[in-house]
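Morning, everyone. I have one model to walk through, and I'll keep it brief. Please have the sequence and the structure up on your screens.

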Amino acid sequence: MSNDINSKSFYELLQRGDEASFTLLFNTFNLPLCSYAYRIVNNYDVAGEIVHTTFCKFWDNRKKIVITDSLKSYLYRSVYNNCISYLREQKQYKKYVDLGLTDLFFNRIVQDPHAELKLIDSENRKIILDAINQLPDKCKEVFIKCKIEGKSYTKVAEELSISIKTVENQMSSALKKLRQKLDWLLLMLMPL
């Protein structure tokens, strides 16, 4: 059995139903995922149940699941989705939005290029860069000039021969699209 959880052979063992591989996966990620889920739902019992359910669903559907990034990313994304489903059912997700918590982390991580250095690993940087690259061309160009290159709206408007209002509109659109795409990642990166 391959002990490298990121290897293709390890994932193939999981798909074939190798219980020792699943036990290794569970032992490696159970506590970090419970901690992560707790930071979202703020309840230890619920967090543990969500993670347990996530592992059970993973095991039950292991033959059909396609992992495009890594097992770690897949598990965190699954736990995040299950936490949000729980919060929506409890009508608490609105509280997070009302308090602006998603915006706080969005501002700290995506809008501040220096915060990129603090990301957990290169996978997260790749996810953010992919999301930026999927923006419409004009939004992407304005976002990169304003947030990555650090130019003022006035300077960007001059360089692109557009109005400041257009720069503001493009930035607003870019930030909205990125916030929607990266919501799960931003909560994953929340500090304890």
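**A walk through the helices**

Let's start with a pair. Helix α2 passes α3 in a right-handed crossing. By class, 17 nonpolar, two polar and one charged residues make up the contact of α2 with α3. Keep in mind that this is a predicted model.

Now the geometry of that pair. Two packed helices are described by the angle between their axes and the distance between the axes. For α2 and α3, the axes come within 8 Å. They cross at roughly 145°.

Who takes part? From α2, the list includes F22, L25, F26, F29, L33 and Y38. From α3, it includes V46, I50, V51, F55, F58 and W59. Also in the contact are E19 and N30 on the α2 side, and G48 on the α3 side.

What sits between these two helices? The loop between α2, residues 19-41, and α3, residues 44-60, holds N42. N42 is not a glycine, yet its phi is positive, about 60°. Is N42 buried or exposed? It is exposed, because its relative accessible area is 55% and the cut-off for exposed is over 50%.

There is another residue of this kind. S161 lies in the loop between α9, residues 153-160, and α10, residues 164-188. Its phi is near 55°, again positive in a residue other than glycine. S161 has 67% relative accessibility, so S161 counts as exposed.

Step back to the whole chain. How many helices and strands does the chain have? It has 10 helices and zero strands. So from the N terminus on, read the elements as α-α-α-α-α-α-α-α-α-α. Of the 192 residues in the chain, 41% are buried. The accessible surface comes to about 10,900 Å². Carbon and sulfur atoms account for 50% of that surface.

What about contacts along the sequence? Take those between residues at least 6 apart in the chain. Of these, 64% join residues at least 24 apart.

Next, α4. This helix covers residues 71-89, which is 19 residues. From first C-alpha to last, α4 reaches 27 Å. That is close to the 27 Å expected at 1.5 Å a residue.

Which residues of α4 are buried? They are L71, S73, L75, Y76, S78, V79, Y80, C83, I84 and L87. A reminder on spacing here. An α-helix has 3.6 residues a turn, so residues three or four places apart point the same way.

C146 sits in helix α8, residues 137-148. C146 counts as buried because its relative accessibility is 7%. What does C146 touch, leaving out residues up to four places away in sequence? The partners are K151, Y153, V156, V167 and M171. One of them, V167, is 21 residues from C146 along the chain. Their C-alpha atoms are separated by 9.0 Å.

Then L175, in helix α10. L175 is buried, with a relative accessible area of 13%. F143 and L175 are 32 residues apart along the chain. Between their C-alpha atoms there are 8.2 Å.

That's the tour. Questions, please.

Technical notes: Residues numbered from 1 in each chain as written. Predicted model: local features only at pLDDT ≥ 70, side-chain atom pairs only at ≥ 80, totals over all residues. Heavy atoms only, no water. Helix = DSSP H or I, 4+ residues; strand = E, 2+ residues; numbered from the N terminus. Buried < 20%, exposed > 50% of the residue type's maximum accessible area, 1.4 Å probe, protein only. Contact = heavy atoms within 4.5 Å. Areas by Shrake-Rupley, 256 points an atom, 1.4 Å probe, with all protein chains shown as cover. Expected span 1.5 Å × (residues − 1). Axes fitted to C-alpha atoms, helices over the stretch in contact; angles between N-to-C directions. Left-handed = near helix turned anticlockwise from the far one by under 90°. Nonpolar A, V, L, I, M, F, W, Y, C, P; charged D, E, K, R; others polar.
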